[in-house]
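Work through these exercises with the model open beside you. Try each task before you read its solution.

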Amino acid sequence: MTTFKERLGEEGLLILDGALGTELESRGYDVSGNLWSAKYLLENPQVIKDIHLDYLLAGADLLTTSSYQATIPGLLAVGLTRNEAVELIGLTVRLAREARETFWESLTKEEQVGRLYPLIGGDVGPYAAFLADASEYTGDYAGVSVETLQAFHRERIAILLEAGVDFLCIETIPNRLEVQALLQLLAEEFPKSQAYLSLVSLDGKHLPDGTDLSELAQQVDRSRQVFAVGINCSAPAMLDQALECLKQGCQKPLLAYPNSGESYDVQTESWQAQPADSPSLLEWSRHWQARGAKILGGCCRTRPADIAVLAQGLRASDK
């Protein structure tokens with residue numbers, strides 16, 4: 001099967017899926033609590049598989065596992081044994097693989113010729129997700145060492161790769177030290193892995209912890225495991241400048257999957273509506289594609305219908 005690196009080299013456009021927690025909420029599921037969407041790996045794994053399938057039917061070429069919030073420490077904290085936690089992270093991969101096979105088998109031979117066989121990315125969320133204190137938006141990891149961050153990420157990455165993901169989706173990273181820890185971990189312990197790295201920026205120039213994006217991009221450019229870099233979980237209006245900063249220091253393909261346009265208020269822990277005259281996700285994505293982004297999708301507050309509009313619109317303009 002085609003690898004992530006090969007797919008990036010062969011294709012000018014790859015459509016990524018959208019949010020999981022948002023879609024669970026839209027179907028009436030409560031995602032409050034520290035496990036967030038990951039609690040449905042315990043309570044109703046079928047609904048996660050169903051959402052994966054809906055994103056594939058919407059046109060996604062890249063499917064991310066439901067492991068963003070599924071971490072060994074987080075699962076242990078809610079009473080699972082280590083073996084149960086390992087099994088649950090492995091389940092995230094099985095659900096995605098089963099959804100892919102169901103989708104692919106539903107296509108006719110002619111339809112299969114017209115579609116890319118979807119690749120599955122193992123979702124590696126940030127240390128901030130385990131903290132569950134909105135530090136994705138602050139990058140505040142006070143007192144946390146490189147060793148602590150590597151220990152946090154090591155086992156989940158190993159489980160995802162062993163379970164058969166095609167690449168790693170390292171996403172929503174808000175802190176320079178965490179980028180350093182992850183790049184070192186991939187190079188030293190997972191040298192055959194392939195990944196993309198997606199960062200957070202609130203101002204278009206820096207990580208939330210204040211790190212300059214263009215300087216950080218130079219470090220990412222040297223990685224032999226990271227094959228694309230970009231921004232997610234950020235307001236669309238911030239991505240333009242952020243992607244330009246990344247281009248200044250990095251020659252790798254770019255990716256962009258912003259929030260819907262609504263902004264998250266850390267103080268009230270709520271989403272604020274975007275102005276009515278704001279550009280759509282499709283309009284923004286066409287703009288980023290023209291600037292060199294190869295992977296485009298959606299993050300918080302996006303749903304399968306948004307990805308369907310994105311896939312249809314971008315593919316129509318790509319012909």
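## Exercise 1: a strand and its neighbours

Strand β6 (residues 226–232) has seven of its seven residues buried, so the strand is largely enclosed by the rest of the structure. Buried means under 20% relative accessible area, exposed means over 50%, and partly exposed lies in between (1.4 Å probe, protein chains only). Helices (H or I, at least four residues) and strands (E, at least two) are DSSP runs, numbered from the N terminus.

The model is predicted: local features need pLDDT of at least 70, side-chain atom pairs count only at pLDDT 80 or more, and totals for chains, interfaces and linings use all residues. Residues are numbered from 1 along each chain as its sequence is written, and side-chain values use heavy atoms, with hydrogens and water left out.

**Task.** Find the strands that pair with β6, and trace the chain between them.

**Solution.** 
- Step 1. Start with strand β5 (residues 195–199), which pairs with β6 in the parallel sense over five bridges. Two strands pair if DSSP finds at least two bridges between them.
- Step 2. Turn to strand β7 (residues 254–257), joined to β6 by parallel pairing over four bridges. Here Ile 231 is opposite Ala 256 in β7.

## Exercise 2: an arginine in a helix

**Task.** Is Arg 100 buried or exposed? What does its side chain meet in a polar contact?

**Solution.** 
- Step 1. Locate Arg 100 in helix α6 (residues 82–106).
- Step 2. Read its relative accessible area, 4%: Arg 100 is buried.
- Step 3. Its side chain makes a polar contact with the side chain of Asp 166, at 3.0 Å. Such a contact is a pair of N or O atoms within 3.5 Å; within protein, one must be able to donate a hydrogen and the other to accept it, and residues adjacent in sequence count only if both atoms are side-chain atoms.

## Exercise 3: a salt bridge

**Task.** Which side chain meets Arg 27 in a salt bridge?

**Solution.** 
- Step 1. The partner is Asp 54, at 2.5 Å, N to O. A salt bridge is a side-chain nitrogen of Lys or Arg within 4 Å of a carboxyl oxygen of Asp or Glu.
- Step 2. Arg 27 is partly exposed at 31% relative accessibility. Asp 54 is partly exposed at 28%.
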